[in-house]
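Subject: Structure for you to look at

Hello,

Below is the structure I said I would hand over. Please open it and keep it in view while you read the notes that follow.

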Amino acid sequence: MDQIRIRGGRRLEGRLVISGAKNAALALMPAALLTDEPLTLRNLPRLADIDTCGHLLNQLGVSTHVQGARPDEFGRVMTLRAGRVSSTTAPYDIVRRMRASILVLGPLLAREGVATVSQPGGCAIGNRPIDLHLKGLEALGAEIELEAGYVRARANGGLRGARITFPTVSVGATENVLMAAVLAKGASVIENAAREPEIVDLCRCLVAMGARISGIGTERLEVEGVSRLHGATYRVMPDRIETGSYACAAAITGGDVVLEGAERETMGATIAVLEEAGVSFTDVDGGLRVTRADGLRGVTVQTAPYPGFPTDMQAQLMALMCVADGASLLTETIFENRYMHVPELARMGADITVKGRSAMVRGVPRLAAAPVMATDLRASMSLVIAGLAAEGETVVRRVYHLDRGYERLEEKLAGIGAEIVRVADEGP
Ligand code: UD1
């Protein structure tokens with residue numbers, strides 16, 4: 001298994017290309033199940049999770065054809081075609097590797113009237129139930145049984161439009177129910193829908209495929225079911241979490257970096273919070289320029305659904321706040337177990353106290369390199385960010401987490417001046 005070695009202290013400077021959004025792509029790809037015509041997705045990131053999703057769709061009978069895969073290019077174009085759905089089962093072996101596999105449930109049910117998907121179970125950041133997905137689909141007329149670790153869903157007479165009010169905002173449940181509702185008979189209203197930009201991206205793609213959706217980008221989505229959808233070509237939005245992560249990386253080194261393709265309007269509270277911490281963002285042609293001239297200041301932030309500060313940015317912000325002037329108070333409200341990076345940051349000299357859902361970070365003048373590893377994707381990125389500012393060589397292990405969500409991370413960071421290499425891990 002590979003590891004990443006970083007020698008900290010280099011100021012990051014230059015231009016870096018932001019890839020297509022992983023989380024948008026993981027909902028857009030299953031949307032291909034909704035039509036027998038081809039769906040072409042442009043700007044798809046090259047990531048392990050995207051490969052896993054493609055592999056799952058292949059098992060269901062969807063053909064995937066990739067173009068534009070030049071090794072020197074970021075992103076690629078994939079045409080997905082579900083001419084015929086040959087299987088309606090998402091097996092445990094794939095779902096356990098990637099929870100987002102649950103997003104085939106709604107589309108399979110809408111297209112085939114039946115779907116069997118392994119229950120995802122918990123993961124490193126918490127329990128992560130799927131009750132909201134299932135209740136939403138039941139409201140649309142699905143009969144659901146849980147049996148031997150699998151969700152078995154059936155809609156004998158087809159799905160019917162309904163009013164669904166989510167008690168909690170859920171990105172995945174909104175996506176699943178939305179993809180089912182677009183082919184249901186009659187009208188649906190989804191209240192307390194997630195408003196994340198990835199949902200907007202999915203809505204726009206579905207509309208391009210012939211779906212009728214209004215209220216896009218709001219907490220109330222109205223869907224008028226149609227009898228069939230057609231093919232489309234759609235460009236995946238830029239990754240707002242990758243953007244925020246590299247903004248933190250630039251900031252911790254006092255750098256000056258242009259994030260090409262980044263879109264300010266998808267960033268929600270991330271920009272405001274980082275500005276409060278002393279990071280500057282300027283719109284430039286084709287992207288966002290991130291600079292940090294003066295010292296970093298501690299901030300008080302709690303994670304929240306969009307447009308609030310994203311839980312997927314909490315670990316990276318924490319790494320930055322480790323070297324800020326004064327104390328920061330970060331509160332995680334979305335997932336119960338999302339401080340797995342704290343002990344690792346502490347090994348690099350950070351001063352962090354966790355009490356329940358809050359973490360108090362007292363800024364220290366500098367971090368020191370250490371061998372570290374993390375248990376999830378964003379936590380791993382926080383260790384990379386810390387390593388960029390630490391004295392000495394930081395070795396980040398379990399790089400497969402990073403490969404799930406950051407397209408060629410070491411290449412991008414080396415391109416803006418970081419001293420970073422990927423090497424084969426010789427350890428046990
Ligand atoms: C998506 C993102 C993930 C991000 C998260 C929150 C993808 C592939 N993943 O995950 O990176 O961290 O949004 O922005 O897009 N919940 C329930 N019951 C359910 C579903 C969710 O109680 O049926 C709870 C969750 O445990 C969590 C909260 O709702 O506390 C939000 O989770 P949700 O928005 O569903 O996250 P995901 O869609 O899994």
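Proline 307 sits in the loop between S18 and H10. Helices (H or I, at least four residues) and strands (E, at least two) are DSSP runs, numbered from the N terminus. The peptide bond that leads from tyrosine 306 to proline 307 is cis, with omega near 10 degrees.

This is a predicted model, in which local features need pLDDT of at least 70 and side-chain atom pairs count only at pLDDT 80 or more, while totals for chains, interfaces and linings use all residues. Residues are numbered from 1 along each chain as its sequence is written, and side-chain values use heavy atoms, with hydrogens and water left out.

The sheet with S18

S18 belongs to an open sheet of four strands, ordered S18-S19-S21-S20, with mixed pairing. Two strands count as paired if DSSP finds at least two bridges between them. Strand S18 (300–302) and strand S20 (351–355) are the edge strands, and each pairs on one side only. On average, neighbouring strands of this sheet are turned by 15 degrees against each other, direction ignored. Axes here are lines fitted to C-alpha atoms, for helices over the stretch in contact, and angles run from 0 to 180 degrees between N-to-C directions.

As background, the strands of a sheet pair through backbone hydrogen bonds, either parallel or antiparallel. S20 and strand S21 (residues 358–362) pair in the antiparallel sense, over five bridges. Isoleucine 352 is opposite valine 361 in S21, and threonine 353 is opposite methionine 360 in S21. The hairpin of S20 and S21 has two residues between the strands, and in this hairpin glycine 356 takes a positive phi near 60 degrees.

Helix H10 (residues 314–321) lies across S18, strand S19 (327–331), S20 and S21, and runs at about 170 degrees to S19. Contact means heavy atoms within 4.5 Å.

The sheet with S3

Another open sheet of four strands has the order S4-S5-S3-S14, and its pairing is mixed. Its edge strands, each pairing on one side only, are strand S4 (63–67) and strand S14 (232–235). From one strand to the next, the twist averages 20 degrees. Helix H7 (residues 197–208) packs on the sheet and touches S3 and S14; the direction of H7 makes about 160 degrees with that of S14.

Strand S3 (residues 39–44) and strand S5 (residues 76–81) pair in the antiparallel sense over four bridges. Leucine 41 has methionine 78 in S5 as its bridge partner.

The ligand

How many residues surround the ligand, and which are the closest? The number is 17, and the closest are Asp131, Leu132, Ser170, Asp312 and Ile334. A residue is counted as near if one of its heavy atoms lies within 4 Å of the molecule or strand in question. By class, this shell has eight nonpolar, five polar and four charged residues. Ala, Val, Leu, Ile, Met, Phe, Trp, Tyr, Cys and Pro count as nonpolar, Asp, Glu, Lys and Arg as charged, and the others, Gly among them, as polar.

A polar side-chain atom of serine 170 lies 2.6 Å from an oxygen atom of the ligand. For aspartate 312, a polar side-chain atom also lies 2.6 Å from an oxygen atom of the ligand. Helix H5 (131–139) and helix H6 (171–181) are the elements that give two or more residues to the shell. The largest share, three residues, comes from H5.

Alanine 148 is in the loop between strand S8 (143–147) and strand S9 (150–154). Alanine 148 has a positive phi of about 50 degrees although it is not a glycine.

Regards

Methods. A polar contact is a pair of N or O atoms within 3.5 Å; within protein, one must be able to donate a hydrogen and the other to accept it, and residues adjacent in sequence count only if both atoms are side-chain atoms.
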